[in-house]
Amino acid sequence: AIGLTGCATTGDLDTLRVQVQQANETANAALKAADEAKATAEQANVTAQQANAAAQDAQTTSAITESKIDRMFKKAMYK
């Protein structure tokens, strides 16, 4: 059985170590990119929430202004 599989040489082990190291480096780079993407997405979410709050405030202000204008118009019509 040993004759069929052959023996691993030091060169083979060194090649394997290099490949494992490259795979680890690639995995670490991918993890770093994923972490950066997550941070960007979280910041975008915060920005979207702020924009939503501002839009809701603007809508409320618009409704109040519209109501005031309506009352002023009705008051002017009765004069």
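This text leads the reader through a predicted model, from its overall make-up to a few side chains. Because the model is predicted, local features need pLDDT of at least 70 and side-chain atom pairs count only at pLDDT 80 or more, whereas totals for chains, interfaces and linings use all residues. Residues are numbered from 1 along each chain as its sequence is written, and side-chain values use heavy atoms, with hydrogens and water left out.

The chain holds two helices and zero strands; these are DSSP runs numbered from the N terminus, helices being H or I with at least four residues and strands being E with at least two. Of its 79 residues, 0% count as buried, a term for under 20% relative accessible area, with exposed meaning over 50% and partly exposed in between (1.4 Å probe, protein chains only). The accessible surface comes to about 7,200 Å², and 60% of that belongs to carbon and sulfur atoms.

One salt bridge is counted, that is, a side-chain nitrogen of Lys or Arg within 4 Å of a carboxyl oxygen of Asp or Glu. The partners are Asp14 and Arg17, at 3.1 Å from N to O. Both lie in helix H2 (residues 10-78), three residues apart, so about one helical turn separates them. Asp14 is partly exposed at 39% relative accessible area, while Arg17 is exposed at 54%.

Helix H2 is also the place of Leu13, which is partly exposed at 39% relative accessibility. Together with Leu16 and Val20, Leu13 makes a nonpolar surface patch of about 250 Å². Patches consist of residues with over 30% relative accessible area and no salt bridge; nonpolar side chains (Val, Leu, Ile, Met, Phe, Trp, Tyr) are joined within 5 Å, and like charges within 9 Å.

Notes:
Areas by Shrake-Rupley, 256 points an atom, 1.4 Å probe, with all protein chains shown as cover.
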